Amino acid sequence: KATVSVLNWLGVNRSLRHGGALGAVDAMATEGTWAEAASGSRRALDVRSRGDYEDGHLAGSVWIPADEVERRLYELPETAIPLLVVAASRDAANEVLSRLGGRCKWVGVGVGWEECCSQDVVLVDRGFDSQAKLWRPTPILVEWVERLEGMLGGPGSMADIGCGHGRDMAFLTARGWQVSGVDNRAVLLDHAVHLCSRYGGAYADKHKPTTLAADLRKAFPLAPLSTDLVVVVRFLLRDTLESIRACVRPGGFILYSHFLEGCHLVGPKTPKTPSHYFARGELEEIFSADEFDVVLSQESKLSDERPIIDFIARRKTPKTALHEATPASPQVPPGACSSAPRSPADDDTPSVPIGAKRKFGEA
């Protein structure tokens, strides 16, 4: 890394609206806007050529060439997070922002690279930053992944049900997990493969994802007791819950993050019907105590005030279940002989390969 001078490019007119119109760059950046950049609440997208990006770019910025941005919207952050777009010129940056603002309501400010090298000091990286990203994985997964790996003895197999663009898959690929994604939309599975390749780090080539195109209303593609970690985020089809429960192997985990009752009353008021959100206590009943131990059941709110439930449960191993089912041995009087039966050997059921091994697009 090296330090260079940079214009006060972080100031943004607070009157920006989600209508595609761009705000003006303030003459001076405030301390608050610098803090936003440092914390990642304002994220930088570099749309210049790769050669220019490698010669020097703002630390933490992500390279997506200008002619690919609209095809790779799934790599951008949520629209509530403002962007800083860096191009060869301010006009070129603003042209990209104009397209984003008109199509998908992203807002931000555009700057030219020469402007970035004229005044205040910031860190600049050189070379290609393969790990910088504008998107973020599911927060509860980020918070718990190290603990889950510790309890599993390291990265294992993961299946993402209703995986969408595959951001959680890419996050875990970079940590050494073998990931699978299930969705009924082929284009989203293609995005998931690209994210795992682009952001999978050292494991991108070693652990290529398995993608399963499936209509879960008709068939569930994962084998029972097949997966160390099943992740389900913002997806609920109650007919699949028993199958989701069944595919967690002994000692493995289910991580579920979804809307909770009351979501239909605040913010955008969606999902609207009970079939699309959980009732309080429902997940605890589904992952019952005779087969699962609840590790976490935590209610929180999104920025728009809609309640969500973050839930983690672990399937008991045969040894754990036997221990809980066996009553405590009676105390043996001194001098008496104990003839307690031996416990069966620990039967750690091995992982069963995930049902369909084909990659998406194969016969």
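These questions and answers go through the cores, a sheet and the ring pairs of a predicted model.

Colleague: Which element supplies the largest share of the largest nonpolar core?
Modeller: That core holds 45 residues. Strand S5, helix H3, helix H5, helix H6, helix H7, strand S11 and strand S12 each supply at least two of its residues. The largest share is six residues, and it comes from H5.

Colleague: Which residues touch the most other members of this core?
Modeller: Take Leu229: leaving aside neighbours within four places in sequence, its contacts include Leu141, Leu148, Trp177, Phe253 and Leu255. Leu172 is also among those contacts. The residues that touch the most other members are Leu172 and Leu229.

Colleague: How many residues are in the second, separate core?
Modeller: Ala214, Leu216, Val232 and Ile244 are included in it. Its count is 26 residues.

Colleague: Is Thr173 buried or exposed?
Modeller: Thr173 lies in helix H6. Not counting residues up to four places away in sequence, it touches Val179, Cys196, Gly200, Tyr203, Ala204 and His207. The cut-off for buried is under 20% relative accessible area. Thr173 has 0% relative accessibility, so it counts as buried.

Colleague: Which strands stand at the edges of the open sheet?
Modeller: The four strands run in the order S4-S2-S5-S6, with parallel pairing. S5 and S6, for example, pair over five bridges, and Ala87 stands opposite Gly112 in S6. Each edge strand has a single partner, so one side of it is left without a neighbour in the sheet. The edge strands are S4 and S6.

Colleague: Why is the pair of Trp63 and Phe128 edge-to-face?
Modeller: The ring centres lie 6.1 Å apart. Planes over 60 degrees apart count as edge-to-face. These planes stand at 80 degrees, so the pair is edge-to-face.

Colleague: How many residues apart are Trp63 and Phe128?
Modeller: Trp63 is in strand S4, and Phe128 is in the loop between strand S7 and H5. Trp63 counts as buried at 15% relative accessibility, whereas Phe128 counts as partly exposed at 28%.

Colleague: What is the centre-to-centre value for the Trp135 and Tyr199 pair?
Modeller: Trp135 is buried, with 0% relative accessible area. Tyr199 is buried too, at 3% relative accessibility. The pair is edge-to-face, with 90 degrees between the planes, and its centre-to-centre value is 5.4 Å.

Colleague: Which residue has its charged end over the ring of Phe128?
Modeller: Phe128 belongs to a cluster with Tyr53 and Trp63, linked by ring pairs. The charged end sits 3.9 Å from the centre of the Phe128 ring, and it belongs to Arg50.

Methods:
Residues numbered from 1 in each chain as written. Predicted model: local features only at pLDDT ≥ 70, side-chain atom pairs only at ≥ 80, totals over all residues. Heavy atoms only, no water. Core = buried A, V, L, I, M, F, W, Y, C linked by side-chain atoms within 4.5 Å. Buried < 20%, exposed > 50% of the residue type's maximum accessible area, 1.4 Å probe, protein only. Contact = heavy atoms within 4.5 Å. Pairing = 2+ DSSP bridges. Phe/Tyr/Trp six-rings, centres within 6.5 Å; stacked < 30°, edge-to-face > 60°. Lys NZ or Arg CZ within 6 Å of the ring centre and 35° of its normal.
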